[in-house]
Amino acid sequence: RALTQPRWVVGYGHVMRPPADAERTKRYVRRLAASFASCTTETSAYGACIRGHMEAVERGACETEFRALSKCFRAELAKRRGS
């Protein structure tokens, strides 16, 4: 059966739009990856916390670690904004 709508519109009942600017999206993904790579200490701490709570994960169990990771990630993204 042929689709009558563009491919990006179909999916779980949500309208999904294509990126407005593919190059801008690529730059953002590169910044995202570089930011993730720069926050290895925070990522490891958060991962260890989650791993330690695998049997009984509860809301807020790793909030301190998550906040540190989020802070690092946002700072790195901001640093790379001009790149």
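Predicted model: local features only at pLDDT ≥ 70, side-chain atom pairs only at ≥ 80, totals over all residues.
Let me start with a term: a residue is called buried under 20% relative accessible area, exposed over 50%, and partly exposed in between, using a 1.4 Å probe and protein chains only.

Residues are numbered from 1 along each chain as its sequence is written, and side-chain values use heavy atoms, leaving out hydrogens and water.

Now the overall picture. The protein chain has 3 helices and 0 strands, where helices (H or I, at least four residues) and strands (E, at least two) are DSSP runs numbered from the N terminus. Along the sequence that reads α-α-α. Of the 83 residues in the chain, 14% are buried. As for contacts, meaning heavy atoms within 4.5 Å, residues 24 or more positions apart account for 52% of those with a separation of 6 or more.

Back to T43, which sits in helix α2. Which residues does T43 touch, not counting those up to four places away in sequence? They are F36 and L69.

Next, the rings. The structure holds 1 aromatic pair. Rings of Phe, Tyr and Trp (its six-membered ring) pair if their centres lie within 6.5 Å, and planes under 30 degrees apart are stacked, over 60 edge-to-face, the rest tilted. Here the ring centres of Y46 and F66 are 5.7 Å apart and the planes meet at 55°, so this pair is tilted. It links distant parts of the chain: Y46 belongs to helix α2 (residues 40-52) and F66 to helix α3 (residues 63-79), 20 residues apart. Y46 is partly exposed at 25% relative accessible area, and F66 is partly exposed at 44%.

Last stop, E76, also found in helix α3. Is E76 buried or exposed? E76 counts as buried, because its relative accessibility is 11%. Leaving aside neighbours within four places in sequence, E76 is in contact with S35, S38 and C39. The side chains of E76 and K79 are joined by a polar contact of 3.0 Å; that term means a pair of N or O atoms within 3.5 Å, where within protein one must be able to donate a hydrogen and the other to accept it, and residues adjacent in sequence count only if both atoms are side-chain atoms.
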